Amino acid sequence: YYPNSVEVGDRVADGTVDMSEPYYYLGGFHGGKPRIESLHFSCVTAGTAGIFIVKSDARIATLDALNSAIASGGNKKIGFIGQGNYDSVKDILDDTAVAVFETDGVVLANQVADGTLLARYVSEGAPPDPTRFMEISTGIISPRVALFKKDVDTCSCPDNTNTNTNTGAADAGGACTGTGTGGSSRVVINMFNSQSGSCN
């Protein structure tokens, strides 16, 4: 178990664990890059519709109204349980929104109720108590996946005596750019496919 989604991504990426649980956002980020570029992923396991919740008396019923309240109000704090949740919706929020992270959803809900937070993002689960909160649809259905370590493209060029292996980078065509002087190379393209090439 890891305390947040950033550390889960790090441990998947460095091979400490084989995979994440199967509900991570495909649209999140890892190491400053989109997850679809920095990690391998499974087929989509689910699609969930996220919402924001605000106090029931806040008179904020739409996403436009929420963004107006963020832009013009004194409280710009929006609660999230993790970085992946924030990454999935940050582009639809006003640029001045301030993300607040807390792994306990009950704590976040209470902070919305007491006014510490203007709103909280809820990615899944039971609808909030309508006597305390109002729902605001994001209009986004987010695909969920399991994440895997991404293989690095590599190749090896044996020399003529087959006693050495020189490693170089694999180019897009599958050829080896290492310093080997003969033989064949094996180029790892990704975890699902490999390709034979030649040594240059």
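Guide: Let us begin with a term: two residues are in contact when heavy atoms of theirs lie within 4.5 Å. Please keep in mind that this is a predicted model.

Visitor: Which residues of helix α5 are buried?

Guide: A residue counts as buried when its relative accessible area is under 20%. In α5, residues 105-113, these are Leu108, Ala109 and Val112. They line one face of the helix, because they fall within an arc of 100° when seen down the axis of α5.

Visitor: What is found at the start of α5, and what just after it?

Guide: At the start, a side-chain oxygen of Asp104 comes to within 2.9 Å of the backbone nitrogen of Val106. Just after the helix, Gly115 adopts a positive phi of about 90°.

Visitor: Against which elements do the buried residues of helix α1 pack?

Guide: The buried residues of α1, which spans residues 5-13, are Ser5, Val8, Gly9 and Val12. Down the axis of α1 they fall within an arc of 100°, so they line one face of the helix. They pack against β1 (24-25), β2 (29-30), α2 (35-38), α4 (83-89) and β10 (147-148). After α1 comes Gly15, with a positive phi near 85°.

Visitor: Which side chains meet in the salt bridge at 3.8 Å?

Guide: Those of Asp87 and Lys90, with the distance taken from N to O. Here Asp87 is buried, with a relative accessible area of 8%, whereas Lys90 is partly exposed at 30%.

Visitor: How many aromatic pairs does the structure hold?

Guide: There are six. In one of them, Tyr86 and Phe101 are edge-to-face, with 6.1 Å from centre to centre and 85° between the planes. Tyr86 belongs to helix α4 and Phe101 to strand β7 (residues 98-101), so the pair ties together parts that are 15 residues apart in sequence. Tyr86 is partly exposed at 22% relative accessible area, and Phe101 is partly exposed at 40%. Ring pairs also link Phe52, Phe80, Tyr86, Phe101 and Tyr121 into a cluster.

Visitor: Where does Ser42 lie, and with which residues is it in contact beyond its neighbours within four places in sequence?

Guide: Ser42 lies in the loop between β4 (40-41) and β5 (46-55). Its relative accessibility is 18%, so Ser42 counts as buried. Beyond those neighbours, Ser42 is in contact with Val145, Ala146 and Phe148. A polar atom of the Ser42 side chain lies 2.9 Å from the backbone nitrogen of Ala146.

Visitor: What do the totals for the protein show?

Guide: The protein has five helices and 14 strands, and 36% of its 200 residues count as buried. Among contacts with a separation of 6 or more, 61% come from residues 24 or more positions apart.

Note on methods: Residues are numbered from 1 along each chain as its sequence is written. This is a predicted model: local features need pLDDT of at least 70, side-chain atom pairs count only at pLDDT 80 or more; totals for chains, interfaces and linings use all residues. Side-chain values use heavy atoms; hydrogens and water are left out. Helices (H or I, at least four residues) and strands (E, at least two) are DSSP runs, numbered from the N terminus. Buried means under 20% relative accessible area, exposed over 50%, partly exposed in between (1.4 Å probe, protein chains only). A polar contact is a pair of N or O atoms within 3.5 Å; within protein, one must be able to donate a hydrogen and the other to accept it, and residues adjacent in sequence count only if both atoms are side-chain atoms. The arc is that of the directions from the helix axis to the C-beta atoms. Rings of Phe, Tyr and Trp (its six-membered ring) pair if their centres lie within 6.5 Å; planes under 30 degrees apart count as stacked, over 60 as edge-to-face and the rest as tilted. A salt bridge is a side-chain nitrogen of Lys or Arg within 4 Å of a carboxyl oxygen of Asp or Glu.
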